[in-house]
Structure formats: structure tokens, C-alpha cells
Amino acid sequence: MDESKLQEFMMKALGDMGATATAPMILLGDRLGLYKTLAEIGPANSTELAKKTGTAERYIREWLSSQAAAGYVTYDVQSERYFLNDEQKITLAEEDSPFFIPGAFQCMAAMFAAHDKLAECFKSGKGLDWGEQHPLLFVGTERFFRPGYLAHLISEWIPSLEGVEAKLKSGSKMADIGCGHGASTILLAKAFPNSRFFGFDYHRPSIEKAQERARAAGLSDRVKFEVAKATDFPGEGYDLVAHFDCLHDMGDPVGAARRVRETLAPDGTWMVVEPRAGDKPEDNYNLIGRVFYAASTSVCVPASLAQDGPALGAQAGEAKLRKVLEAGGFSRIRRSAETPFNMVLEAKA
Ligand SMILES: C[S@@+](CC[C@H](N)C(=O)[O-])C[C@H]1O[C@@H](n2cnc3c(N)ncnc32)[C@H](O)[C@@H]1O
């Protein structure tokens with residue numbers, strides 16, 4: 001055994017312990033509005049922050065120290081006050097920023113909550129349906145993915161597809177499959193006021209939340225959300241169908257591809273947004289792969305297995321995904337855009 005390597009590994013594990021212990025602190029900061037309030041009132045001590053947020057000072061004092069030790073808030077020694085620097089603000093307090101991260105930690109809380117059920121799944125090989133997960137997963141997924149869609153969907157991904165932006169501008173029909181809370185559908189509807197949008201998901205509580213979101217945005221006349229499976233969602237003549245971060249979760253991805261093919265208008269486009277991953281497992285043994293393989297083990301693989309599916313996994317990679325698209329009847333497939341987290345595949349019949 002190499003002593004220095006052991007030391008190095010222990011330091012890495014210590015970092016991971018700190019990160020894991022910080023996660024529930026981030027959830028509290030997000031849930032109780034501590035980050036947002038700190039961003040608003042500027043440098044504050046525990047008494048001031050507690051007063052402003054209606055919380056108990058002793059807890060806030062300890063929380064502030066945990067956050068300063070973690071680098072999630074900044075401590076000013078002179079004034080003995082805490083504040084969020086610009087980078088902390090944009091990532092922790094600004095819901096509409098492309099860098100907003102608390103949603104990811106809500107997903108991770110759901111992963112902890114599923115631990116008992118998953119241990120049974122590991123033994124039985126059975127799945128765990130999306131709807132059987134802790135409700136924090138549903139809102140966490142929306143808030144984790146929405147910043148990426150905000151940053152890239154309208155400005156990069158749609159323009160990367162051949163002819164799609166022009167159709168959406170002049171007025172067309174789009175379906176968002178596995179839409180969850182409808183973050184992507186609503187962004188598209190806001191950007192393209194002449195088009196109509198249909199969001200489908202098999203998880204009823206998510207569809208109800210999406211309907212609420214559409215009402216709140218004043219879009220209910222052009223945006224419809226309905227409970228439906230990817231393999232038999234209603235409608236026809238869609239100019240664009242999209243799957244955002246969900247094809248790999250499905251029980252019958254080839255069946256889902258076939259249904260897209262059946263419902264697309266002639267010359268319609270299928271946009272498949274998936275986590276960006278290399279084809280070989282070892283391509284993904286890195287910082288991003290670490291997050292996605294863990295989430296995939298807790299959420300994506302069990303979701304597909306619960307539907308007797310092939311469990312492609314969140315890090316399926318382009319080669320495996322292409323096979324699914326081809327089996328569903330698509331022959332012209334290309335990667336039209338990518339970010340560090342996502343790849344966008346454009347598929348045409
Ligand atoms: C990781 S979430 C992504 C949600 C949403 N597209 C987003 O980007 O925020 C996966 C979604 O796929 C949905 N889903 C899984 N299997 C499905 C199926 N067979 N038919 C329809 N929806 C499905 C789940 O209910 C869940 O909302």
C-alpha cells in the first residue's frame with residue numbers, strides 16, 4: 001500500500017463527505033429563502049438574516065458558518081457579516097439564471113429518500129416507477145434542467161435544427177413528450193407566439209403541475225398538457241416533436257420513436273435532447289459522468305425497468321441512441337448541438 005496515495009484518497013473522501021453534508025444545508029437555504037434574502041439585503045449577521053426570514057437566530061448562525069466553511073456564502077471578517085458574492089448569487093439565489101443549482105440538490109435528496117426501496121430493487125432486479133420516487137424529484141428535475149433550457153433551447157438548439165425555427169415563427173404544431181412540469185414546453189410557447197404546443201407525460205401529478213404553470217403564464221389557449229404515454233400520445237401532423245432528457249427513462253424507447261414517426265408531419269423533425277455522454281463507459285468516468293451515473297442508478301434505470309424497458313441509462317451515448325432512433329424508422333440523424341451537459345440529436349424520417 002502506498003501511504004501517500006492513501007492520504008490522497010482520504011482527502012478526496014473528506015471532500016466528498018463535506019459535499020454530501022452540505023447538500024441538506026443547501027436545501028434549507030433554498031427552501032427557507034436564505035440565499036435569496038441574503039442576496040437582497042447584502043452583508044448581514046445571523047440576527048439580521050433570521051429576522052428578515054422569520055427563522056431562529058441560533059440555527060441561522062450555525063447554518064451561516066456551515067455555508068462559509070463550504071464556500072457557499074462569503075464571510076467578511078472586519079464587519080463579521082455574511083454575503084453572497086456575484087458567483088454565489090447567480091448560482092444560488094437567481095431562479096432564472098442559467099447557472100442556478102439548488103434543483104440538482106433536490107434531486108439528490110430524492111435519491112437519498114429512495115434508498116430503502118432501491119436496496120430492494122437491487123436484490124429483486126425490479127424497477128421503481130417515476131411516480132414512486134420522492135416528490136422532491138419532480139420539482140428538482142424541473143429546476144435542475146430548466147436553467148440549461150433557458151440558456152440554450154431558444155438561442156442554440158432550435159436554430160440548430162434544419163428549418164424548424166422558421167416554422168415555429170410562422171405558426172406550427174409541436175409536441176413535447178415526457179414533458180414533466182413543462183419547463184421546455186412553456187419556454188418554447190413564450191418564444192413562438194404563433195405556434196401551438198402539446199405536452200404529454202404519463203405521470204399525472206407532473207401534468208397537473210404543468211397545467212398550473214401554463215395557466216400562470218397566461219398560455220392555456222396555446223399550450224395543452226395531457227396525461228399520455230410516449231408510445232400512444234394523441235395527435236398528428238406535428239412539425240416538431242421533442243423528448244427532453246427522458247427517452248432513456250422510457251420503457252419502450254423504440255416504440256416511442258415509432259410513435260413520433262407516426263405523428264410527425266411530412267418533413268417534420270424529431271429533436272432528442274439527452275445527457276451528453278461518450279459511447280464507452282470509461283469516456284464518462286469524470287465529474288459530469290459521476291453525477292449522471294449516480295442519478296441514473298437511482299432514477300433512470302429503475303424508471304425504465306419498472307416499465308419492463310431496456311434501461312438505456314442516462315449515459316447511454318450517441319451510438320446506442322442512434323440505434324433506437326433508427327429502429328423507430330428514422331434514417332437521417334445528426335448531432336445538431338451540444339453543451340457540456342446535453343447533446344441534441346435531430347432525426348428525420
Ligand atoms: C427526467 S424527467 C424529464 C422531464 C422533462 N422533460 C424535463 O426536461 O424537465 C423524465 C420524464 O419522463 C417521463 N416518462 C418516463 N417514461 C414515460 C413514458 N413511457 N411515457 C411518458 N412519459 C414518460 C417521466 O414521467 C418524467 O416526467
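The structure is a predicted model, in which local features need pLDDT of at least 70 and side-chain atom pairs count only at pLDDT 80 or more, whereas totals for chains, interfaces and linings use all residues. Residues are numbered from 1 along each chain as its sequence is written.

Of the 349 residues, 41% count as buried (20 or more other C-beta atoms within 10 Å of the residue's own; 12 or fewer make it exposed, and values in between partly exposed, with C-beta atoms placed from the backbone).

An open sheet is formed by 7 strands in the order β5-β4-β3-β6-β7-β9-β8, with mixed pairing (two strands pair if DSSP finds at least two bridges between them). β5 and β8 (332-338) stand at the edges with a single partner strand each, so one side of each has no neighbour in the sheet. From one strand to the next, the twist averages 20°. The pairing of β3 with β4 is parallel and extends over 5 bridges; Met 174 stands opposite Phe 197 in β4.

Helices lie across parts of this sheet. α8 lies across β8 and β9 (342-348) and runs at about 135° to β8, while α11 lies across β4 and β5 and runs at about 165° to β5 (axes are lines fitted to C-alpha atoms, for helices over the stretch in contact, and angles run from 0 to 180 degrees between N-to-C directions). In α10 (residues 183-191), the buried residues are Ala 183, Ser 184, Thr 185, Ile 186, Leu 188 and Ala 189. Their packing partners include α8 (136-160), β3 (173-177) and α11 (204-216) (contact requires C-beta atoms, placed from the backbone, within 7 Å).

The ligand is surrounded by 23 residues, the closest being Gly 178, Gly 180, His 203, Ala 230 and Cys 246 (a residue is near if its C-beta atom, placed from the backbone, lies within 6 Å). α8 supplies the largest share of this shell, 3 residues.

Methods. Helices (H or I, at least four residues) and strands (E, at least two) are DSSP runs, numbered from the N terminus. Two residues are in contact if their C-beta atoms, placed from the backbone, lie within 7 Å.
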